[in-house]
Amino acid sequence: MHIGNYIGLVHESEKDLAEAFEKVSKHHAAEPDVYQMCQKLSSWSANHVLNLQPFIKRYSEDKSKEPDNLKRSLFSQPRSGSLALVRDLHDLWLLANEVQLCWVVLLQAARSLRDKELELACEQFDAQTQKQLEWLMTRIKQAAPQALVVAE
Amino acid sequence: MEQSRNSIVDIWGPRTPYIGTWPERIDMQLAEQPDTWVQSACVLCSNGCGLEIGVKEGRIVGVRGRADDRVNHGRLGPKGLHGWVANNSADRLTKPLIRKKGVLVESSWDEAMSLIVAKTKEIKRKHTAGAIGFYTSGQLLLEEYYTLGIIGKAGLGTPHMDGNTRLCTATSAAALKLSFGSDGQPGSYTDIDTTEAILLVGHNMASTQTVLWTRILDRLAGPNPPQLVVIDPRKTYTAEKATVHLQPRLGTNVPVLNGLLHLVIEGGTIDKDFIDKHTVGYEELKKVVSEWTPELVENVAGIPAGDLRKAAKIVGSSSTLLSTALQGVYQSMQATAAAVQINNLHLIRGLIGKPGCGIYQMNGQPTAQNTRETGADGDLPGFRNWDNREHIEELAKLWNVDPYIIPHWAPPTHAMQIWRYAEQGSIKLLWISATNPAVSLPDLAQVRKILSKEDLFVVVQDAFLTETAALADVVLPTAIWGEKTGCFTNVDRTVHITQKAVEPPGEAKSDFDIWVDYARRMEFKDKDGAPLVKWTKPEEAFEGWKQCSKGRPCDYSGMSYEKLLSKNGIQWPCNDNYPEGCERLYTDGVFHTSADDCETFGHDMTTGAEYTPEQYKAADPQGRAFLRPAAYEPPHEQPDDDYPFWLTTGRVVYHFHTRTKTGRSKALQDAAPDAYVQMAHEDAAQLGISDGELVKVESRRGHIEVVARLGGISPGTAFIPFHYGYWDDSERARAANELTLSEWDPVSKQPHYKYAAVKISRITGEGKPSLLEKAGTLLESIKEKIIH
Ligand code: SF4
């Protein structure tokens, strides 16, 4: 059984996502909405990490380094300004997709294992990840024209 | 001087109890006997009271209420009776001003307009129209907004158009759209006449819309008076009349309203049939509110559980219910989420579209409704949906332009974001009309910095040299109410015409004429090479607007200037089906939510994320209203050891906005001459502060010095009116918005003026330096920049 592998993967990915939201909120603190929302969305991911603990015990996770590599290449240096905002949100969106895919894969496994508890957790977390993605997409769409076409 | 009553002392006037009809009472205020009377309506709040302007020898000499007007039956409040005096002020702007070598100097119209046109063309060529932004008002007229909307959206093609309506009314619009699919106030003011219960949430109506409050007072004085539930942290004039007054902690409207919804559902007085036939989302709502027991609400919001139960009994058992909301909801935490819960209450009880069952998601300003209707703010004309291709094509066809010129790749830029782009330098031309952001926006130090930027070209249209105009590069002197003709719409969709009674002073021009002139000089054309703006007179613009609104919820097609002059106030929709106007919306329980009709595809209420057309169409509610629940989110800034008080801001009864007009009426100014901080006796005693003492109020963003007034507010909370800036007193920092937060509601994007953490201290009197640190230095430089 390889479920431990994915538990490990989602654990690390959510941790990275929480940190990345936190980091972006600080980089772009001059955008009040970005600051507030990234703080909030970071706390959602942090919460997922906490709530994952019983499943980590149940299925003994395999620690994975993969998402870390992804994160490092995405947030290589601090950026500020309007284009940087788009790029940082863009990278968050990629990380959040990684997380969402993990929840989908785990949800499938949970169903086949008839693990109701894990199934419910995956559904709930996936729904919140979806909201994170929707906010990121909305904000990226809003910021892109000004950043790419108008700003110097 | 002749006056029918002293409205300064007796704000609401003598009672005329409602007994089957609301009696007429003609209020009048005259400086001299007029030769003629000219039809108009009041523009000093969103109520829209019908009045006539008295004119003698080309000057305004007074006003009197119109007895046959459906809104006020002749009554006028203190602002309506005294505000007109501002028209005759000696310090009106009479010539355009251009900044030269750092100083504003008089110029000709031709020079000023040529400069604006040259700047526009240069900036557009170098940086696209995305470098141009418009920040307008809730004080202009429909014809002006619609003309501006066309210029911005189809002439220049900029997405950056919004106004100060973002500060006063954006949440009202957002909540109506989210619940009912489209903007548009469902109720009628006549609902007050018959309703059994009134719920006022964060709305001190007695101060903000005095004549509407008079209508309630007259119900209270008659047989079968309604019961009043007031939710407000302060003991306001409104709260004094409450059957039940709930005083929540700041930022806890959602818990309180969820608690009410929970008790109403538990009490079983919901209309299951209406819910099944006309709404979606009931089960989810029920689930979310079920956790909000009176005990939990008491814990979070500080309201005694017994009081919540009493309130729930009233709003849950009355056979009719009228609800109103204003800035206590719209400018507080979870603004849209809370406003929507009020709609939910009416929907689950099936109390909508019937006499006595109105919802007034109030507007702050007199013509705010029209910016929303015409698309001069972050909306599209005729409540069209920016994300609906067909709606964009309708507009393109109407204006005879390529659909691609109309920005529709993202929602129109909201005001706070426009200011941010200006700060970052990507907006290079900011055109401000009829508003005073240098006093009304949050975090003023920041606003002044932006307006003073070298690389931002600022155009200001105003009748006076406001704090904002003083920082502009070009100032255009404008005609105001009474000096121009046009229409505007109040909170119960009543459209009034206001006529030109006198000539504007000097060379001042109406905002309408300025924009028509700009469009001509810019040579904006339609697809066939004809002028894009096809009118030169307000009445022609109104005819254009009729075409634009035809078939949309805000349908004006059945109106005309002639009809508006012969009838006092007509409610839209007015068309073939409703030739005399329509009193209430949604009488059949069918809402504007079908995918092809709706003004928005909706948002997530926590994050503000936009839903896509595909998401919406997958569960098209096809005319059912949305019940949208909201979980509680605590305010972001909370009092702590350093800043231990909650600050909330608001209005006083005698003033409007930044007092540009009301501060120039001696009667109103004398009645409320200066800012103050209201605080509880207990708090003052602890700090050794006595009533009337000058104190210092500080937040993380700035500080001000104002007089303390004690009592009438919960301990731990402080209130400061936001009207007071610097044009008539620059001796000390006193604008409430030096302290407020720059953050906003995720859905409506309305700033959070209703909470910030502050500290309050005595002034020890060691000289003056603390007085002017932040505001002062800039004010000095403003003064130097002005010559009269
Ligand atoms: S209630 Fe509003 S509209 Fe009526 S007179 Fe007073 S300020 Fe004017």
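Residues are numbered from 1 along each chain as its sequence is written, and chains are lettered from A and ligands numbered from 1 in the order in which they are written. Because the model is predicted, local features need pLDDT of at least 70 and side-chain atom pairs count only at pLDDT 80 or more, while totals for chains, interfaces and linings use all residues; side-chain values use heavy atoms, with hydrogens and water left out.

## Interface of chain A and chain B

In chain A, 25 residues are in contact with 30 residues of chain B, where contact means heavy atoms within 4.5 Å. The two chains bury about 2,100 Å² between them, with 52% of it on carbon and sulfur atoms. Buried area is the accessible area (1.4 Å probe) that two parts lose on being put together, summed over both.

Four salt bridges are counted between chain A and chain B, a salt bridge being a side-chain nitrogen of Lys or Arg within 4 Å of a carboxyl oxygen of Asp or Glu. A salt bridge joins the side chains of A:Lys40 and B:Glu633, at 2.7 Å from N to O.

On the side of chain A that touches chain B, helix H2 (32–51) and helix H6 (116–150) of chain A each supply at least two residues. H6(A) gives the largest share, twelve residues. Helices (H or I, at least four residues) and strands (E, at least two) are DSSP runs, numbered from the N terminus. By class, this side of chain A has eleven nonpolar, six polar and eight charged residues. Here Ala, Val, Leu, Ile, Met, Phe, Trp, Tyr, Cys and Pro count as nonpolar, Asp, Glu, Lys and Arg as charged, and the others, Gly among them, as polar.

## Ligand surroundings

The shell around the ligand includes B:Cys42, B:Cys45, B:Cys49, B:Lys79 and B:Thr210, a residue being near a molecule if one of its heavy atoms lies within 4 Å of it. Helix H1 (78–82) and helix H8 (210–220) of chain B each give two or more residues to this shell. Its residues comprise six nonpolar, five polar and one charged.

## Salt bridges within the chains

Over all chains, the structure holds 59 salt bridges. Three of them are set out below.

| Pair | Closest N and O atoms |
|---|---|
| A:Asp33 and A:Arg139 | 2.8 Å |
| B:Arg70 and B:Glu583 | 3.4 Å |
| B:Glu423 and B:Arg420 | 3.1 Å |

B:Arg70 counts as buried because its relative accessibility is 17%, whereas B:Glu583, at 31%, counts as partly exposed.

A network of salt bridges links B:Arg659, B:Asp674, B:Asp728, B:Asp729, B:Arg732 and B:Arg734.

## Helix H19 of chain B

Helix H19 (residues 415–424) of chain B is mostly covered, with eight of its ten residues buried. Among them are B:Trp419, B:Arg420 and B:Tyr421. B:Glu423 and B:Arg420 both lie in this helix, three residues apart, about one turn. An α-helix has 3.6 residues a turn, so residues three or four places apart point the same way. B:Arg420 is buried at 13% relative accessibility, while B:Glu423 is partly exposed at 25%. Just after H19(B), B:Gly425 takes a positive phi of about 95 degrees.

A:Ser45 lies in helix H2 of chain A and counts as buried, at 0% relative accessibility. Apart from neighbours within four places in sequence, A:Ser45 is in contact with A:Glu14, A:Leu17, A:Ala18 and A:Gln132.

B:Ser665 lies in the loop between strand E23 (645–650) and helix H26 (666–671) of chain B and is buried, with a relative accessible area of 1%. A polar atom of the B:Ser665 side chain lies 3.0 Å from the backbone oxygen of B:His82.

Key:
Buried < 20%, exposed > 50% of the residue type's maximum accessible area, 1.4 Å probe, protein only. Polar contact = N/O pair within 3.5 Å; in protein donor to acceptor, adjacent residues only side chain to side chain.
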